[in-house]
Amino acid sequence: MIVLSPSNIERIDQIFVLTKHWLMGYVPAVAQPLTSAILSVLPVLIAFPAIFAVTTLLERKGLGRIQNRYGPNRTGPWGVLQPMADGVKSLTKEDIVPATADRWVHFFAPVVMVIAAFLAYSVLPIGRNMVVVNLSSGVLFFFAIGALVEVAIFMAGWSSRSKYSLLGAMRAIAQMVSYETPLVLAGLVAVMATGSLSTVSIVEAQAQYSHYLPNWFVFTPWGFAGFVLFMIAATAESNRSPFDLPEGESEIIAGYFIEYSGFKFALFFLAEYLGMFATSGIAITLFLGGWSAPFSFLTWVPSYLWFFLKLLAITCGFIWIRGTLPRLRMDQLMHFAWKFMLPMTLLNIFAAAAWKFFPVGILRWLGCAVFLAVAFVLLTRGLKKRGDVSVRQYRFAD
Amino acid sequence: MTLVFLLLAAITILGFGAAMSLRNPVHCVVGLTLGLLGLAALYLQLGAQFVGLTQVLVYVGAVAILIIFAIMMTRSSESAEDQTYSHSWRAGVVLALAVFAVLGWAVHFGSTSIPAQNVMPELPVQTIGDALLHRFVLPLEIIAVLLTAALIGAGVLALQDPVPETRGPR
């Protein structure tokens with residue numbers, strides 16, 4: 001039985017860091033940098049695809065229950081072997097490449113997408129002292145990597161030489177580019193409050209406790225608005241329902257990865273879910289306090305456990321929204337991004353700046369909350385009255 | 001001239017060379033993206049984190065996407081059948097070598113005027129932000145006005161035809 005002394009608690013909390021240092025002691029000095037890099041990266045490479053496998057099962061069961069049916073329940077008890085069945089299926093399916101497709105671009109598109117998806121994890125602080133690279137501009141790195149995904153989608157959609165895939169790729173890139181601005185602006189408020197672009201500093205700024213409540217940014221008015229806006233933009237960035245028109249099955253039959261089968265399709269699937277986890281991870285880092293515990297008397301639980309619990313909560317939220325809300329049409333998507341999300345994020349930046357200049361107390365809490373609520377109500381009423389929910393006018397390019 | 005620098009330089013030159021010499025425009029765009037990523041990696045290797053990451057964000061995330069949209073919207077995807085090199089390529093090579101010689105001479109003889117520093121100066125983002133808002137605030141505002149003008153101009157260009165008259169519901 002493990003005695004929960006403070007040194008033991010810290011040992012369990014830092015167990016991965018201590019294991020790595022112990023293993024490094026056995027490596028000769030000449031191979032130390034390379035081995036250190038590999039040992040830092042390996043847990044990410046193992047853990048997140050494993051979480052991906054579990055999430056596919058969770059999603060199918062969860063969606064099934066929301067839709068009043070069982071999910072997969074034949075492969076193993078309660079369908080727990082379904083991810084393994086899916087893996088075997090995707091590995092053994094025939095890899096069909098269209099005859100007129102651009103062979104090399106078609107081959108490299110899923111590779112680039114998976115590389116970009118994995119690169120994004122290098123700045124996420126998963127636990128105390130557990131970040132792969134502590135970049136001083138980590139948040140900027142994360143948003144820069146998102147740009148690589150768009151190039152990969154273009155490569156996939158174009159090289160398939162198919163109308164559906166090109167249309168899907170155009171829609172997907174337009175959607176991702178449109179929602180990137182609200183994503184960055186919504187995440188900017190956390191950077192403003194901390195004064196640093198480093199993800200580790202942002203988490204450490206939120207790991208303080210006042211009385212026994214945490215200093216997470218989501219508990220401030222601008223942080224809450226920023227979190228909600230960030231999650232909406234993140235749903236759109238990973239092409240998830242209700243923003244999944246570029247890849248909806250009943251609309252465009254999988255859009256830009258329509259001509260991919262077998263393992264390449266599995267790679268796209270993996271990259272999409274990894275992108276979802278990475279964006280959730282950044283949301284946790286920026287707004288939900290990263291690896292810090294929700295109450296000061298719960299800090300004995302290991303820090304990585306809190307990170308993964310928050311990730312689980314956000315993933316369940318994603319699945320819930322997918323099962324509940326209908327799909328948005330393309331022009332509704334674009335209107336939402338440019339007419340609602342962009343002004344709302346800009347006003348949120350105002351509120352966050354005002355927060356810093358007000359004296360600490362209930363006054364600034366009320367002031368910022370009222371400002372944001374009034375802005376939200378005026379914006380939504382104003383947009384509705386202008387008839388943006390009427391029959392749309394087509395305007396074709398010449 | 002470490003191994004990392006040589007690898008990154010090779011990737012960059014390969015990417016830009018592919019962007020210049022391949023026939024299919026889509027392949028050229030992919031090569032251009034690779035070259036831009038190599039440049040960003042070179043910035044990061046020199047320790048300029050902010051510049052390197054902004055290079056990825058702006059060049060790969062915006063400029064390359066813009067070129068991609070231009071290729072997707074027009075039908076310039078087919079490879080050119082005839083020779084894509086111009087007739088006066090020899091004069092072009094001579095000119096390029098002359099420009100390279102001038103640049104190399106300027107860099108080599110200009111570098112002695114900067115005192116050699118053994119320690120790289122730390123350039124956190126805060127220093128760049130301070131400089132932008134204190135010393136360079138006027139260029140910043142002018143660039144902001146320019147970008148706004150470009151945005152409005154693009155919107156006006158896209159809105160060429162007037163909105164058609166709406167008919168009431170029958």
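Here is the tour, starting with some ground rules.

This is a predicted model, where local features need pLDDT of at least 70, side-chain atom pairs count only at pLDDT 80 or more, and totals for chains, interfaces and linings use all residues. Residues are numbered from 1 along each chain as its sequence is written, with chains lettered from A and ligands numbered from 1 in the order in which they are written.

**Stop 1: chain B against chain A.** Select both chains: 19 residues of chain B are in contact with 23 residues of chain A (C-beta atoms, placed from the backbone, within 7 Å). On chain B's side, pick helix 2 (25-45) and helix 3 (49-73), the elements that give two or more residues (helices are DSSP runs of H or I, at least four residues, numbered from the N terminus). Helix 3 of chain B gives the most, with 11 residues.

**Stop 2: the helix pair.** Now show helix 6 (residues 138-159) of chain A with helix 3 of chain B: they pack at about 25°, axes 9 Å apart (axes are lines fitted to C-alpha atoms over the stretch in contact, and angles run from 0 to 180 degrees between N-to-C directions). That makes the two helices roughly parallel (angles under 35 degrees).

**Stop 3: domains of chain B.** Colour domain 1 (1-76) and domain 2 (124-158), bounds that come from an automatic or database domain assignment. Their C-alpha centres lie 24 Å apart.

Notes. Two residues are in contact if their C-beta atoms, placed from the backbone, lie within 7 Å. Angles under 35 degrees count as roughly parallel, over 145 as roughly antiparallel, 65 to 115 as roughly perpendicular and the rest as oblique.
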